[in-house]
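The sequence and structure are shown first.

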Amino acid sequence: MSEPFKIRLVTPDDVDAIAEHRARMFDEMGEVPPGAFEILRVKSRERLQDFLNRGEYIGWLAIPAQRPD
């Protein structure tokens, strides 16, 4: 049986995790040139932070109910 989870809205505290996930996703698809991963991660973080602060980005995270951190 799978572990129960909660779904919650993204907050500004989640920006680092989202930027990392986004950069890894594109990297694993082969879309990131060698040496550009960190640039993509940092730029994604900056844009996400800006979009969240302006209310232009909405996201949800699925979090294990017993391990919310």
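## Basis of the model

Axes are lines fitted to C-alpha atoms, for helices over the stretch in contact, with angles running from 0 to 180 degrees between N-to-C directions. The model is predicted: local features need pLDDT of at least 70, side-chain atom pairs count only at pLDDT 80 or more, and totals for chains, interfaces and linings use all residues. Residues are numbered from 1 along each chain as its sequence is written, and side-chain values use heavy atoms, with hydrogens and water left out.

## Helix crossing

The axes of α1 and helix α2 (residues 37–53) come within 8 Å and cross at roughly 135° (helices are DSSP runs of H or I, at least four residues, numbered from the N terminus). Therefore α1 is oblique to α2 (oblique angles are those left after under 35 degrees, roughly parallel, over 145, roughly antiparallel, and 65 to 115, roughly perpendicular).

## Largest pocket

The largest pocket has a volume of about 160 Å³, the space filled by probe spheres set on grid points joined across faces, edges and corners. On a 1 Å grid over the protein atoms alone, a pocket is an open set of points where a 1.4 Å probe fits, with protein on both sides within 12 Å along at least five of seven lines; lining residues have an atom within 4 Å of a point.

Its lining consists of Ala-17, Ile-18, His-21, Arg-22, Leu-48, Tyr-57 and Leu-61. Helix α1 (residues 15–28) gives the most to this lining, with four residues.

Notes
Helix = DSSP H or I, 4+ residues; strand = E, 2+ residues; numbered from the N terminus.
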